[in-house]
Amino acid sequence: MGRPVRRNNKKPRKGNTQREFKPRAELVTKIAYEEGITVSELAEKLNKNSSDIIKLLFMLGKMVTINTNLDDETIQLICMEYNVEVTKEEAVDADSLEDVDLDDPKDLLERSPIITIMGHVDHGKTSLLDAIRKTKVVDGEHGGITQHIGAYQVTVNGKKLTFLDTPGHEAFTSMRARGAKVTDIVIIVVAADDGVMPQTREAIDHAKAAEVPIIVAINKIDKPGANFEKIYNAMADLGLTPEEWGGEVMFCKLSAKTGEGIQNLLESILVVSEVQDLKANPNRMASGSVIEARLDKGRGPVATLLVQNGTLHAGDILVVGACFGKVRKMTDDRGREIKDAKPSMPVEIIGLNDVPVAGDIFKVFDNEKKARALADRRSQVKIDAERKGSSSVSLEELSKAIEDGNLQEINIIVKADVQGSAEAIKQALERIEVATVRINVIRSTVGAISESDIMLASASNAIVMGFNVRPDAVVRRKAEEEGIDIRLYNVIYDAVNEMESAMKGLLAPVYKEVVLGQASVRQLFRVTKVGTIAGCMVTDGKLVRDAKVRIIRDGTVVYTSKLGTLKRFQNDAKEVAAGYDCGLTIDGFNDIKENDVIEAFEDREVPQV
């Protein structure tokens, strides 16, 4: 029997034996790149395999992977090897979402004016908006104070007007400043019976900084004590000269309560907006600003956006500050679901991956990958900036003071229902100045108080402050177990005032010396084992047992100690008033002379201011 013939001596190859066919790569002669390009990204631009570039760099003594970021010099060397001309492009600015594309004038159409209502607290800003909208916004607010920025749209004489209602309390200065940046017209509300107040001046400064027209609305003209001449003079001193005096600023007298003068104000707004000739291009991808943002338990991050250019559509991909998302649902200011929003329209959207900050810019992108990358880059820039900011404060300002024991810190975790409130509370708390005590807000976010907040508070010995939010039973139990103090508020004034009082309680007590009385030494008795007993007459005030005393001789203090004993005749006395005799001894001092003056005093703690 013959030997079997082996038809194939080769071992079968593992896996797929057929080579994948690759079309011949096109020859690249010119590329452009941005800062931070990786090996794999450069290989894609050059139509090369990443392994080829890794081998090339290995031959040049550089060990890299496909995810290694390449510097400019290395990129130049690689491109020289492949005879490719290379240029560097400036990367997209991670700090800005501002529009750089200029619209063609023929594409611009008329848009609604955006009006911001500003003024001092309780001068009737929200009531004025109520009168315009014929609704009752103010009824749902605690203490009649506007806590959030609201955006509303109304129709007047067939034309739409967009109103921003900003809070008047000084804690919202930064929010009010942002309101002025997105506005076309500012209405400064002044109460007729109250006049120009500090926050009225702040509002005027913001309006002037934004370089927008100002209309002064003198509210509460139905109240007694209205002094228009005083308001006109005060406004003129601030650079707002009334038209009646030959100036350029419209002054409208009205009553938000009775409705008198409201129509005149609206017509004045229309006149000013017509002069401005406000236009935008609705036929492009939308951009604008965040008016307010909050975390809704059922819907996730919710943002109120003001479209300033273009048209925002349901389903659009957008970057909002350092957040990214898709418009899942869009509603107007009355809660009706809509599919698109034109310029100057405020809308509420859901679909973002996080809660943006009020005042952030948003922009729509047609490329989801590009939008996500930009949001990630902006988020990283924000994180880096926060780290740098916190480390510089702790290293430069706090380290030495804490090391020396001269500075005490109160750590605070702030949770609020909306982003604007969280930010305003944080700023208001950090502005409190009480000697050597500092507030450190370690977290300021939107949403209900959670277990993670309690754990952070436990680790950092912090107080948790909730504003219009409440912890559930599980979180409350956790707080009790950890011994964490949870403070809940509805009005910012209360939070700031209570914290200021707590800070004053942490200060080292300050004492002030109070003189209780004086006595003149008339006789001396020396008793064995007791020492010198001074027979005295109390000449002023009173002497109190165990009080501190100083012995004054010829106007000079010769000794300071405290009373050893104080007696009236043979009995111990708690105190001896002016005009009475007494006998006393002084601790550690027997060299008392006749005619010495014994002055009693005590140190009393004085309240911190």
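Student: What makes W245 partly exposed?

Tutor: Its relative accessible area is 37%. Buried means under 20%, exposed means over 50%, and partly exposed lies in between (1.4 Å probe, protein chains only). A value of 37% falls in between, so W245 is partly exposed. Some ground rules come next. This is a predicted model, in which local features need pLDDT of at least 70 and side-chain atom pairs count only at pLDDT 80 or more, while totals for chains, interfaces and linings use all residues. Residues are numbered from 1 along each chain as its sequence is written, and side-chain values use heavy atoms, leaving out hydrogens and water.

Student: Is Y232 buried or exposed, and how do you know?

Tutor: Y232 has a relative accessible area of 5%. That is under 20%, so Y232 is buried.

Student: How many aromatic pairs are there?

Tutor: There are three. Rings of Phe, Tyr and Trp (its six-membered ring) pair if their centres lie within 6.5 Å; planes under 30 degrees apart are stacked, over 60 edge-to-face, and the rest tilted.

Student: Why is the pair of Y232 and W245 called edge-to-face?

Tutor: The ring centres are 5.8 Å apart, which is within 6.5 Å, so they pair. The planes meet at 65°, which is over 60, so the pair is edge-to-face. Y232 lies in helix α7 (residues 228-237), while W245 sits in the loop between α7 and β9 (250-253), so the pair ties together parts 13 residues apart in sequence. Helices (H or I, at least four residues) and strands (E, at least two) are DSSP runs, numbered from the N terminus.

Student: What kind of pair do Y559 and F589 form?

Tutor: A stacked one, with 4.7 Å centre to centre and 15° between the planes. The partners are 30 residues apart: Y559 in strand β26 (residues 556-568), F589 in the loop between β29 (581-586) and β30 (597-606). Y559 is partly exposed at 31%, whereas F589 is buried at 11%.

Student: Which residues form one aromatic cluster?

Tutor: Y232, W245 and F251.

Student: How do you know that the charged end of R550 sits over the ring of F601?

Tutor: The rule asks for NZ of Lys or CZ of Arg within 6 Å of the ring centre and within 35 degrees of the ring normal. The charged end of R550 is 3.9 Å from the centre of the F601 ring. K253 has its charged end over the ring of F228, at 4.5 Å from the centre.

Student: What makes the meeting of E513 and R550 a salt bridge?

Tutor: A salt bridge needs a side-chain nitrogen of Lys or Arg within 4 Å of a carboxyl oxygen of Asp or Glu. For E513 and R550 the N to O distance is 2.9 Å, so the pair qualifies. E513 is in strand β23 (residues 510-527) and R550 in strand β25 (residues 548-553), 37 residues apart. E513 is partly exposed at 40%, and R550 is buried at 12%.

Student: Which residues have the most contacts inside the largest nonpolar core?

Tutor: L128, L161, F163, I187, I215 and I269, in a core of 25 residues. Such a core is a set of buried Ala, Val, Leu, Ile, Met, Phe, Trp, Tyr and Cys residues joined through side-chain atoms within 4.5 Å. Elements giving two or more residues include β4 (114-119), β7 (185-191) and α8 (262-276). Helix α8 gives the most, with six residues. Apart from this core lies another, of 22 residues, among them I412 and V441.

Student: Why is α10 called largely enclosed?

Tutor: Nine of its 12 residues are buried, so the rest of the structure largely encloses it. Among them are Q419, E423 and L429.
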